Amino acid sequence: MNTTRAMTALALGGFGIGTTEFATMGLLPQIAETFGIPDYEAGNAISLYAAGVVVGAPLIAVLGAKLPRKGMLIGLMLAVALGNGLSAAAQDKGLLLLARFVAGLPHGAFFGIAAVVAATLVAPERRGTAVARVMVGLTVANLVGVPLATAAGQQIGWRTAYLAVAVIAVITALAIAAWVPRVPKVEGASMKGEVRAFGRPTVWFAIFTGMIGFGGMFAVYSYVAPLTTEVAGLPQSAVPWILAVFGLGMTLGATFGGRFVDRSSMGSVFGGLIAVCVILVLLGLTASVPVLLFAFLFLLGFTIQILAAALQIRLMDASPDAPSLAASSNHSSLNVANGAGAWLGGLAIAAGWGYTSTAWVGVALSLAGLAIAVASVLYERRALTRETTNQTMAMASAASTTIETQPR
C-alpha cells in the first residue's frame with residue numbers, strides 16, 4: 001500500500017472542494033455584476049453552498065453507513081463535478097443558488113469519510129497529522145486554487161472557476177479509484193448506530209463549538225474582496241494576492257498544526273479560539289493598513305486550520321462507533337458557521353456599519369464558541385466525577401455485602 005499516493009488523492013479532492021467553496025468569496029463582485037445585485041445579496045451563494053454541506057454531510061453519512069468507503073469517495077467527487085458544472089451553466093440568480101446548494105451536498109461527507117480513511121492508514125498516535133494532511137488539499141486551494149480562480153474569473157469570467165473545479169473532481173475520482181486502498185467497514189455499522197452518536201452531549205458540544213466559533217472567521221473572509229478594495233484601498237488585482245496569503249497561512253497551519261493536535265486536541269481548540277479573537281480585534285482596528293491586513297489574514301488562516309483539525313479529532317474521539325457521521329458532522333458545523341458568518345457579516349454591512357464591522361461580528365462569534373468549549377470541559381469533568389463516585393459507592397456496597405455474608 002502506498003500511503004503517500006492515497007493521501008495525495010484525498011488531498012486532491014480537498015483541493016477541488018476548497019477551491020469551489022472559497023473562490024465564490026473572491027468572485028462576489030463579478031457574480032453580483034452579472035446578475036445586477038449588491039455584494040451582500042450575492043453572498044447568498046456562499047450561504048446556500050454552506051446549507052448544502054449542512055444537509056448533505058449527516059444525511060450521506062447515515063445513508064452510506066454500510067457502503068464501502070472507497071466507492072463513496074468516488075461517488076462524492078462525481079457529485080462535486082455535477083454541482084459545479086451546474087453552477088457554471090446557471091443563467092439567473094435562482095439557478096445559481098440552487099446549483100451552489102447541490103455543489104455543497106457532497107462536501108462534508110467527502111472530508112469526513114476521507115478523514116476516517118486517512119486515520120486508518122497510520123498509527124493511532126498520528127491521527128491528527130493524518131487528518132491535517134488530508135486538509136492540506138483545502139489549504140493549498142486557498143494558496144493556489146482560489147487566487148488563480150479569482151484571477152481567471154476577473155479576466156475571463158467567474159464561470160470558468162466552477163468549470164475548472166468540475167474537471168478537478170473527475171480527475172480526483174480517477175485517482176481515488178487507482179490509489180486509495182479498500183478500507184474495512186466498521187463492524188456492526190448501521191444507520192441506527194450512526195444516528196445514535198447524536199445522543200451524546202460531548203458530540204453536540206463539539207459540533208456547536210465549531211458551528212459558532214468558526215463563524216468568526218467566515219464573517220470576515222466572506223467579504224475579503226471589498227475589505228481589500230474598499231477599506232485598504234488596494235486595486236482589484238490585489239484580491240488574488242490576499243487570498244493567496246490567507247491560503248499560505250492555512251497551508252502552514254495544516255502542515256505544522258497536526259503536531260499540536262496530536263499532543264492535545266482540546267488544548268488546540270482553546271488556543272485556536274483565543275488566537276482567532278485576538279487576531280480579529282487587531283484586524284478590525286488596522287484593516288485600512290494594507291500590510292497589516294495581509295499579516296492578520298495570514299495569521300487567521302494559520303490558526304483556523306489548527307482549530308479545524310482539532311475539532312475533527314475531537315468529534316471522532318467522541319463517537320468512535322460512528323466515525324463517518326462524527327467526522328462529517330464537523331464539516332456540517334463549520335459550514336453552518338460559513339453561512340451564519342456570511343449572513344451576519346452581511347447584516348452588519350447592510351446596516352451601514354462598514355466592512356470592518358465584520359471583524360467585530362467575528363469576535364463575538366469566536367467568544368461564544370470559546371464559551372461553549374469551556375462548558376464542554378466542565379460537563380465532562382462533572383460526568384467523570386459522577387461516574388467515579390458511582391463506581392466507588394458500588395465497590396463499597398459490594399464490599400459491605402461480602403463482609404455481611406461471611407460466616408462468623
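The dialogue below goes through the core, the surface and some contacts.

Tutor: This is a predicted model, in which local features need pLDDT of at least 70 and side-chain atom pairs count only at pLDDT 80 or more, while totals for chains, interfaces and linings use all residues. Residues are numbered from 1 along each chain as its sequence is written, and side-chain values use heavy atoms, with hydrogens and water left out.

Student: Which residues touch the most other members of the largest nonpolar core?

Tutor: A nonpolar core is a set of buried Ala, Val, Leu, Ile, Met, Phe, Trp, Tyr and Cys residues joined through side-chain atoms within 4.5 Å. Buried means under 20% relative accessible area, exposed means over 50%, and partly exposed lies in between, using a 1.4 Å probe and protein chains only. Here the largest core has 102 residues, and Phe-214 and Tyr-221 touch the most other members. Its largest share, 13 residues, comes from helix α16 (residues 290-318), where helices are DSSP runs of H or I with at least four residues, numbered from the N terminus. Another core, of 6 residues, lies apart from it and includes Val-203 and Leu-315.

Student: What does Tyr-221 touch?

Tutor: Contact means heavy atoms within 4.5 Å. Leaving aside residues up to four places away in sequence, Tyr-221 touches Phe-22, Met-25, Asn-142, Val-146, Leu-243 and Phe-246.

Student: Is Ser-222 buried or exposed?

Tutor: Ser-222 counts as buried because its relative accessible area is 0%, and its place is in the loop between α12 (215-221) and α13 (224-231). The side chain of Ser-222 reaches the backbone oxygen of Phe-218 at 2.6 Å. Not counting residues up to four places away in sequence, Ser-222 also touches Met-25, Leu-28, Ile-46 and Ala-342.

Student: How should I read a polar contact, and which side chain does Thr-20 meet in one?

Tutor: A polar contact is a pair of N or O atoms within 3.5 Å; within protein, one must be able to donate a hydrogen and the other to accept it, and residues adjacent in sequence count only if both atoms are side-chain atoms. In this model the side chain of Thr-20 makes such a contact with the side chain of Arg-100, at 2.9 Å. Thr-20 lies in helix α1 (residues 3-26), and with 1% relative accessibility Thr-20 counts as buried.

Student: How many salt bridges does the structure hold?

Tutor: Side chains of opposite charge can pair when their charged atoms come close. A salt bridge is a side-chain nitrogen of Lys or Arg within 4 Å of a carboxyl oxygen of Asp or Glu, and the structure holds 2 of them. In one, Lys-93 pairs with Glu-41, the closest N and O atoms being 2.6 Å apart. This pair links distant parts of the chain, with Lys-93 in helix α6 (residues 93-104) and Glu-41 in helix α3 (residues 39-42), 52 residues apart. Lys-93 is partly exposed at 32% relative accessibility, and Glu-41 is partly exposed at 25%.

Student: Where do Glu-380 and Arg-314 lie?

Tutor: The side chains of Glu-380 and Arg-314 meet in a salt bridge at 2.4 Å, N to O. Glu-380 lies in helix α18 (residues 357-405) and Arg-314 in helix α16, so the pair ties together parts that are 66 residues apart in sequence. Glu-380 is partly exposed, with a relative accessible area of 28%, whereas Arg-314 is buried, at 15%.

Terms used. Helices (H or I, at least four residues) and strands (E, at least two) are DSSP runs, numbered from the N terminus.
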